[in-house]
Amino acid sequence: MEVESPTLGFLLHEVARLLRKRFEQISRESGLTRSQWQALAYLAQNEGINQSGLAELLDIEPITLSRILDKLEACVLIERHPDSSDRRVRILRLAPAARPKLMQARKLGEITRREGLTGLSEADGLRLLQTLRVLKFNLTEACDFGGKAEASKSWVVPAK
């Protein structure tokens, strides 16, 4: 199978969709949606970011993020602080109650990953993660350079 085949994109999309769906199933009783979990996780990695920056990282519209953040703020999981240089901008920080919730999300994520990787050896799982990191890097580079990356490479995955 050629890596640039449409099957690769379809398969990656389906696996990502199923990972999200499974995470939603096992986290249903937590009181948070997958979107809220995702916003918390990204905020934990980027504390002090503003709302538009977080929306860009999440690849969602700012108004959509604003509704998610309203709910997280009502649950006392995040705090919005005014930016000292621009009163229209809000800086986001995790509230202390978010830390235990993030630990819960990590546990739920580990269950989901374990279920998804069932049947793979540890070496195959690590190889898969490394391959996905390479794909992400290559595509990030291509996007950053406006699609001017070398498109003539032809990668072929050896058949088994």
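A: Two strands count as a pair when DSSP finds at least two bridges between them. With that in mind, we can read the hairpin in this predicted model: strand 1 is joined to strand 2 through two residues.

Q: How many bridges join strand 1 to strand 2, and do the strands run parallel or antiparallel?

A: Strand 1 covers residues 78-83 and strand 2 covers residues 86-94. Six bridges link them, and the two run antiparallel. For one example, find glutamate 79: its bridge partner in strand 2 is arginine 93. While you look at the strands, keep a general idea in mind: in a regular strand the side chains alternate between the two faces of the sheet.

Q: Which elements make up the protein as a whole?

A: Six helices and two strands form its secondary structure. Reading from the N terminus, the order is α-α-α-α-β-β-α-α.

Q: What share of the residues is buried?

A: A residue counts as buried when its relative accessible area is under 20%. Of the 160 residues in the protein, 22% are buried. The protein exposes about 11,700 Å², and carbon and sulfur atoms supply 57% of that area.

Q: Which residues are buried in helix 3, and what do they pack against?

A: Helix 3 spans residues 51-58, and its buried residues are Gln51, Gly53, Leu54, Ala55 and Leu58. These pack against helix 2 (34-45), helix 4 (62-74), strand 1 and strand 2.

Q: Why does leucine 54 count as buried?

A: Leucine 54 counts as buried because its relative accessible area is 0%. Setting aside neighbours within four places in sequence, leucine 54 contacts Ala39, Tyr42, Leu43, Ile49, Leu65, Leu69 and Leu92. Tyrosine 42 is twelve residues away along the chain, yet its C-alpha atom and that of leucine 54 are separated by 7.5 Å.

Q: Where is serine 27, and which backbone oxygen lies 2.8 Å from a polar atom of its side chain?

A: Serine 27 belongs to helix 1 (residues 6-27), and the backbone oxygen is that of phenylalanine 23. Serine 27 is buried because its relative accessibility is 2%. Not counting residues up to four places away, serine 27 touches Leu32, Trp37 and Leu108.

Q: Why does leucine 132 count as partly exposed?

A: Partly exposed lies between the buried limit of 20% and the exposed limit of 50%. Leucine 132, in helix 6, is partly exposed because its relative accessibility is 33%.

Q: What share of the contacts links residues 24 or more positions apart?

A: Look at contacts with a separation of 6 or more: residues 24 or more positions apart account for 51% of them.

Definitions and conventions
Residues numbered from 1 in each chain as written. Predicted model: local features only at pLDDT ≥ 70, side-chain atom pairs only at ≥ 80, totals over all residues. Heavy atoms only, no water. Helix = DSSP H or I, 4+ residues; strand = E, 2+ residues; numbered from the N terminus. Buried < 20%, exposed > 50% of the residue type's maximum accessible area, 1.4 Å probe, protein only. Contact = heavy atoms within 4.5 Å. Areas by Shrake-Rupley, 256 points an atom, 1.4 Å probe, with all protein chains shown as cover. Polar contact = N/O pair within 3.5 Å; in protein donor to acceptor, adjacent residues only side chain to side chain.
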